[in-house]
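I opened my notebook to record what I looked up in this structure, entry by entry. The notes are meant for someone who has not seen it before.

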Amino acid sequence: MLPKESFDTALVTGASTGIGAVYADRFAARGHPLVLVARNREKLEALAERLSREHRVKVDVLPADLASPEQRSKVERRLREDESIGVLVNNAGSSVPGGLADVALDDIESMIQLNVVAPTRLIGAVLPGLLARRRGSIVNIASALAIAPELSAGAYAATKSYLLTYTLTLHKELRDSGIQVQAVLPGITRTAIWEHAGKDIGSFPEHMIMEVDEMVDAALAGYDMGELVTIPSLPDGDEWRRYDEARRRLAPELSRSRAADRYKSDIPEDA
Ligand SMILES: NC(=O)c1ccc[n+]([C@@H]2O[C@H](COP(=O)([O-])OP(=O)(O)OC[C@H]3O[C@@H](n4cnc5c(N)ncnc54)[C@H](OP(=O)(O)O)[C@@H]3O)[C@@H](O)[C@H]2O)c1
């Protein structure tokens, strides 16, 4: 099924390998021209050559280090000025090995630049155009760790929680705008990210590891269904809805004029 923006250009970050490269392939197969962003120019050019040959779409490469404000600004400029762009996939991301006490702060900051600041700024750059055209979509690749921080160490899960919360707020603010928003929460997916993070993916049981094509195809099925949050491996989609409803049920209790009784020392225990 072709989505409504089939002729809009899709800008995919982190497109040189892994999840981003598969997104680029799938959007090209759907007929979208592409702009591919990552640091490795050679890999981007090789992918661009293959995709334009196989799918007969225009593919531009825009090499940039998205953790660098200076290099990121050329991607922001492209998103602001290129009116053909209707799809933004914020996929580039990294994880640094180690716990909060033993990781170099500069490495954490650089991860936050890439996982948090970059998607925030790229969305900010593309939104005015999408709103003016009343169409488009934004896909944010978060992680299952956004809702399961106990399963990981370091600041990575927190960066992904940011992206999930940001997506929920974006969805609320864009209601009736014609712009689709999706957060994808992959579990362990077989890509090079594990190697870069100094972790052996082979240390996880096979039944927990998803192949990258399967992950992206499931995420795109969720995209076609108009899902706001897609968890590719979750067998029962109602589990997420129940989780989300429980969170929403707390909302009326989260801001009141009185502190809860359990925080008041002057209330007798048997009152
Ligand atoms: N694999 C998993 O198990 C898993 C699970 C949950 C979520 N995710 C998320 O999925 C996304 C994609 O990860 P992946 O597994 O496909 O990882 P990957 O194979 O390591 O690919 C990461 C991509 O991001 C690019 N990138 C890294 N640092 C960059 C920078 N500073 N500036 C621009 N581009 C940069 C890389 O290209 P260059 O090196 O050429 O720059 C590459 O194209 C990430 O956001 C990750 O957090 C992955």
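**Ground rules.** I am working with a predicted model, in which local features need pLDDT of at least 70 and side-chain atom pairs count only at pLDDT 80 or more, while totals for chains, interfaces and linings use all residues. Residues are numbered from 1 along each chain as its sequence is written, and side-chain values use heavy atoms, with hydrogens and water left out.

**Helix α3.** I took helices (H or I, at least four residues) and strands (E, at least two) as DSSP runs numbered from the N terminus.

I then asked which residues of α3 are buried. For this I used relative accessible area with a 1.4 Å probe and protein chains only, where buried means under 20%, exposed over 50%, and partly exposed in between. The buried residues turned out to be R72, V75, E76 and L79. They lie on the same side of α3, because they cover an arc of only 105° around the axis, the arc being that of the directions from the helix axis to the C-beta atoms. On the other side of α3 I found E70 and E81 exposed. Among the elements that cover the buried residues, by contact (heavy atoms within 4.5 Å), are β1 (9-13), β2 (34-37), β4 (85-90) and α4 (105-133).

**Salt bridges.** Counting a side-chain nitrogen of Lys or Arg within 4 Å of a carboxyl oxygen of Asp or Glu, I noted 23 salt bridges in the structure.

One of them joins the side chains of D213 and R26 at 3.0 Å, N to O. This pair links distant parts of the chain, since D213 sits in helix α7 (residues 212-224) and R26 in helix α1 (residues 18-29), 187 residues apart. I recorded D213 as partly exposed at 39%, whereas R26 is buried at 18%. Both residues belong to a salt-bridge network that also takes in D25, R50, E54 and D217.

Another bridge, at 3.8 Å, N to O, is between R242 and E239, which both lie in helix α8 (residues 237-250), three residues apart, or about one turn of the helix. An α-helix has 3.6 residues a turn, so residues three or four places apart point the same way. R242 is partly exposed at 45%, and E239 is partly exposed at 43%.
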